[in-house]
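Student: I am new to this structure, and I would like to learn how to read its features one at a time. Could you take me through them slowly?

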Amino acid sequence: MTSSPHAAGPEGEFSAQALLDGLRAQGPAALAAALGDLAHLLQEIAGDPGEAFEIAGRARGEVTDLLGNLQACASAMDALEARSVIALRDITRRDRHVEARDRAAHETGADPSQTTVHDEADGATKDDLSLITRRSPHMAGRTLASAQRLIEVLPRMLDALRTGKISSDVAYTVAGAASGLAPDLAREVDRRLAERLPELDGAGTRRFADAVATIAGELDPEGAALRHRRALTERHVTMRPGQHGMATLSARLSAIDAARIHKRFSLAAERRRAEGAREGHGALMADAFTDTLLGRDEGADPGTLDIGLIITDRALFRPDAGDTAHLEGYGAVPAEAVRAQLRAATAEPADPADDPYGPDGPAVRAELRRLYAHPTSDELVAMDSTARAFPPALRRFLTWRDTTCRGPHCNAAIRQSDHIEPVSRGGPTSVDNGQGLCAHCNKKETSAANVARVDGPDGSGHRVEWTGHSGVSRITTPTPLRWPRRPERERAPAAPPAEDPAAEPGVVVGATTPQARVEAAPTGEERDSDAPDAGRARRVRPSGRRRDRADSADEPDH
């Protein structure tokens, strides 16, 4: 903070601390006035910058420093907005309580319930917020709910937002992912996630949502199953009008069904390209989607769909294990969401008439594959190749390990396998030198100043450091199969489960469901990882494209 000539201290001196103390003491009115002056200044500079952005004679660092400080201001403003939204909610509730008591004093009957008054007050707050911020009422309601969670049960995430350690996109994604958690569980998720922030320095919003699901599933396995069953009741299909005569049709489904449907249309698009179509992959997927649903492609045979599902042996056979599954291209899903389907796919019934897959059951029965996890990081490890191009099995392995694009802050699906150290510079075709990327992030040789493998604090883990031309670095890691895990001293003793001959310790399995091959990967014996955080404090730098804080976290983006 710089010294302000407009704030005098108790002895008449001018200081930034005097301004800060004054704003804290005088409340929203003084803060609104100060921000109003600053907003006017910034609006004027943005509208008429004069020579402020003339590039002649200016160093690149001046602009990158400006962007970094703008990002710091934006993060602080987002945190301040959350506090302001809750203050508006509380004042509205207070005023509505006064009005309710006044009405009750002049009318016969009991006072209205506190819940009723709060619901009415929160509805008024949402409408006010919609008008003030120019958001739709639905978006304003989501912002209000997320701000409430940040203030009341996620204080560490709010502090990380305030100090620029995470973006508003991440903060509101975490708040949304914690929406179904009990307050005490959400506070514990907040604490553990804060401890892992250095490891998630380059993670996108999807990785943060996965982290919330993983931690909550470990802490409350039974609750994770209940939340999944409750979420299943909310499945729906919606249409959102677009521009130029287009629209977006979306469906909220179980994760595994959505992944199977997406994979089916992706393969249909590739088949059409092989047959000579020249449209883009996404357009061909849309055509296949339309033709299938409108009955134009009834004779097409979808074949067997290869869906990667990584799941521990414990989660597959022990409902109380607390481990989450990881669905390729999606992220963490409750084991409850896939356990029944996988067990049905892996076990052939004694009576063929009872086969849930009908007469096609033997043809689509699961294929099991054994994979292994690193003893400390719980990342999948294996396989090398001497070929320049990644062979199919190695490409598949990179997809299982990385789950989504390894580019910093990227949430896109993996489309390509990349050599971190290019083959032209001697980089081998191996698991250690490979990563899964989307097409955009695989332009790293021209878009980034440097991309290289770096060692973790204990020498474990597949860590890749991306450095931009402005000197800002982000480190990305794969999604561990069980992350984070509690130390042994924190685990409550559990009764040993009934022995299951199919649950071999240390095995990693894959399964095929009807129309979908599912790869599943248990990690083996229980191991503890208490490696210290490796991050170090950095001055806030730009973290990438900002998105409306009320946008849905269900929509992946780059």
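Predicted model: local features only at pLDDT ≥ 70, side-chain atom pairs only at ≥ 80, totals over all residues.

Student: How many helices and strands does the chain have?

Tutor: Helices (H or I, at least four residues) and strands (E, at least two) are DSSP runs, numbered from the N terminus. The chain here has 17 helices and 14 strands.

Student: What share of the residues is buried?

Tutor: Buried means under 20% relative accessible area, exposed means over 50%, and partly exposed lies in between, with a 1.4 Å probe and protein chains only. In this chain of 558 residues, buried residues make up 42%. Accessible areas come from the Shrake-Rupley method with a 1.4 Å probe, and for residues only the protein chains shown count as cover; the chain's accessible surface comes to about 30200 Å², and 53% of that belongs to carbon and sulfur atoms.

Student: How many salt bridges does the structure hold?

Tutor: Side chains of opposite charge can pair when their charged atoms come close. A salt bridge is a side-chain nitrogen of Lys or Arg within 4 Å of a carboxyl oxygen of Asp or Glu, and the structure holds 23 of these salt bridges. In one of them, E152 meets R89 at 3.0 Å, N to O. E152 lies in helix α5 (residues 137–152) and R89 in helix α3 (residues 60–106), so this pair ties together parts that are 63 residues apart in sequence.

Student: Is R89 buried or exposed?

Tutor: R89 counts as buried, at 4% relative accessibility, whereas E152 is partly exposed, at 37%. In another salt bridge, E62 and R58 meet at 3.5 Å, N to O; E62 is partly exposed, with a relative accessible area of 44%, and R58 is partly exposed too, with 38%. The side chains of R94 and D95 also form a salt bridge, at 3.1 Å. Salt bridges that share partners join E188, R191, R192, E195 and E218 into one network.

Student: Which residues touch the most other members of the largest nonpolar core?

Tutor: A nonpolar core is a set of buried Ala, Val, Leu, Ile, Met, Phe, Trp, Tyr and Cys residues joined through side-chain atoms within 4.5 Å. The largest one has 35 residues, and I166, L193 and F208 touch the most other members. Among the elements that give two or more residues to this core are α3, α5 and α8 (183–195). Another core, of 14 residues, lies apart from it and includes A259, I311, F317 and A337.

Student: Where is Q435 found, and is it buried or exposed?

Tutor: Q435 is found in strand β9 (residues 434–437), and it is buried, with a relative accessible area of 0%. Contact means heavy atoms within 4.5 Å; leaving aside neighbours within four places in sequence, Q435 is in contact with residues including L398, R401, D402, V464 and W466.

Definitions and conventions: Residues numbered from 1 in each chain as written. Heavy atoms only, no water.
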